[in-house]
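Here's a quick briefing to read with the model open in your viewer. Keep the sequence handy too.

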Amino acid sequence: MANVLTPQGEDFPRWYQDVIAKAQLAENGPAKGQQVIRPSGFALWERMVAELDDRIKETGTENASFPLLIPESYFQREANHVEGFAPELWMVTHGGGKELEEKLAVRPTSETVIGEYMAKWVNSYRDLPLLLNQWCNVMRYELRTRLFLRSSEFLWQEGHTVHESYEDAHAFTLRILHDVYADFIENVLALPVLRGIKTEAERFAGALNTFAVESLMRDGKALQMGTSHELGQNFAKAFDIQFQGKDGKQAHGWTTSWGVSTRMVGGLIMGHGDDAGLRVPPNLAPVQVCVMVVKDTDEVQSAAKKVYDELKGDGLRVRLDHRGDVAFGRRAVDAELKGYPVRIEIGPRDLKNGEATVVSRVEGTKQTIPLGMLAEAVAAALQGAQEQLWNEALEFRESHTADVSTVEDAVEAAQTGYARLPWDACGVEGERKAAESAVTVRVLQREDGSVPDSLDESGLIAYLARSY
């Protein structure tokens, strides 16, 4: 495989680009910073969407759709928000061959436009909570781009909610963090996450608090996988989101927003990939099992189709590779690159012996299994692959996390992973000092690893790392 991919240990960024190209996941678009997501890459995103959408709906949130173009004046109404996003905005100045009376921003996020409509739809406490989500594309101007990780246009979901009280909004912000994002990333993507609160320097523009989930990539850098923002009443006051309470008095709502994006595809690649390509957790994999014809004969084709039908009937996501005009070796390499968790190879010799070869991409094993026992063997291989990916990622994170007592030590430890440092020993000044070495505070946690309610709590622990 060294001839196919640059080894991770030799050049991790080049390896990452090689995987995207060779596994046919994405390509650069015609304009700077754009990305074209190919079918193999989009299939991963579709599976992520399906799993996340189910979890989002479990919270009572409903999907809606809002405009792509947002009047510039909307951004002006929340000062911190416009200041935070101004450098990233793409602006439309002309339409229909004429200069527009008001510039339109291509949405970088939709707090402002959704806030406008929430104000119309919320009149009474009976209208609350109002829980909305949309799946869409957004655009942010980026100087340095990298496919999936940082592009000028990307796909995501953005949730926006209004609540009757601070307590309700705070609880919902953390519910999204734990029950939607962390649950999906850990149980489907098989990537352990740090859950915590962001520092003021890393907080979302206009938010009261930002909570995040972070995962460690195989090069020792952290990746922010998702965020959940507690917006307080900042946007409610800017957009006049008011309701009549149970006491008959008018009050402003408490809002939240939260999102994850196609950046998670990049996290999947860098969190599990090896020198042979992708390794996709079975719980996510669009193709869990690939049934491959080794030699193109009628008997082998018929047997492979039967195995395919049986496994598909068991509810597995199966692909049948019966291409007789493509060399088997080339097809096997392609299956490795794309990270199919299990492949079943059937050839004339296998058929004569009433068996097939079961290959586990993650465990790196090959087993000869009787045809009548394939279902059990495949189920065991899929479960083993999911568990092994989780265990490897967790062990990697734990072995690349160092306890330190000074900012200088944190910067040194962050060259290979997380540095864990008391926030009192770091503080805002230490955060600025670490940033000079491209090391940032990823999240703050309580000593027991739980998520703080705010930055005002004492005894917090900071996790510092280099990041994407």
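This is a predicted model: local features need pLDDT of at least 70, side-chain atom pairs count only at pLDDT 80 or more; totals for chains, interfaces and linings use all residues.

Residues are numbered from 1 along each chain as its sequence is written, and side-chain values use heavy atoms, with hydrogens and water left out.

**Overall picture**

- The protein has 14 helices and 23 strands; these are DSSP runs numbered from the N terminus, with helices being H or I of at least four residues and strands being E of at least two.
- Its radius of gyration is 25 Å, close to the 23 Å that the globule rule gives for 468 residues, so the protein is as compact as a globular protein of that length. The radius is taken over C-alpha atoms, and the rule is 2.2 Å times the number of residues to the power 0.38.
- Along the principal axes, the C-alpha trace spans about 80 × 55 × 50 Å.
- Of the 468 residues, 54% count as buried (buried is under 20% relative accessible area, exposed is over 50%, partly exposed is in between, with a 1.4 Å probe and protein chains only).
- Take the contacts between residues at least 6 apart in sequence: 67% of them join residues at least 24 apart. Contact here means heavy atoms within 4.5 Å.

**Helix 2 and its two partners**

- The axes of helix 2 (residues 39–58) and helix 8 (residues 263–272) come within 10 Å and cross at roughly 110 degrees. That makes helix 2 roughly perpendicular to helix 8.
- For the geometry, axes are lines fitted to C-alpha atoms, for helices over the stretch in contact, and angles run from 0 to 180 degrees between N-to-C directions. Angles under 35 degrees count as roughly parallel, over 145 as roughly antiparallel, 65 to 115 as roughly perpendicular and the rest as oblique.
- Helix 2 passes helix 8 in a right-handed crossing (right-handed if the near helix is turned clockwise from the far one by less than a right angle, left-handed if anticlockwise).
- Helix 2 brings Leu44, Trp45, Met48 and Leu52 to this contact, and helix 8 brings Met264, Val265 and Leu268. By class that's seven nonpolar, no polar and no charged residues.
- The classes work like this: Ala, Val, Leu, Ile, Met, Phe, Trp, Tyr, Cys and Pro are nonpolar, Asp, Glu, Lys and Arg are charged, and the others, Gly among them, are polar.
- Helix 2 also meets helix 6 (residues 166–187), with axes that come within 10 Å and cross at roughly 155 degrees. That makes helix 2 roughly antiparallel to helix 6, and the crossing is right-handed.
- On the helix 2 side the contact uses Met48, Glu51, Leu52, Arg55, Ile56 and Glu58, and on the helix 6 side Arg175, Asp179, Val180, Tyr181, Asp183 and Phe184. These residues divide into six nonpolar, no polar and six charged.

**Helix 1 on helix 8**

- Helix 1 and helix 8 pack at about 115 degrees with their axes 11 Å apart, in a right-handed crossing.
- Phe12, Trp15, Tyr16, Val19 and Ile20 of helix 1 touch Gly266, Ile269 and Met270 of helix 8.

**Helix 10**

- Arg331, Ala332, Ala335, Glu336, Leu337 and Lys338 are buried in helix 10 (residues 328–338).
- The buried residues of helix 10 pack against helix 1 (12–22), helix 2, strand 15 (289–293), strand 16 (318–321) and strand 17 (342–346).

**Backbone details to check**

- Most residues other than glycine have a negative phi, and most peptide bonds are trans.
- A cis peptide bond joins Leu128 and Pro129, with omega about 0 degrees; Pro129 lies in the loop between helix 5 (111–121) and strand 7 (130–139).
- Gln24 has a positive phi of about 60 degrees, sits in the loop between helix 1 and strand 1 (26–28), and is partly exposed at 31% relative accessible area.
- Ala438 has a positive phi near 60 degrees, sits in the loop between helix 14 (423–435) and strand 22 (440–445), and is exposed at 53%.
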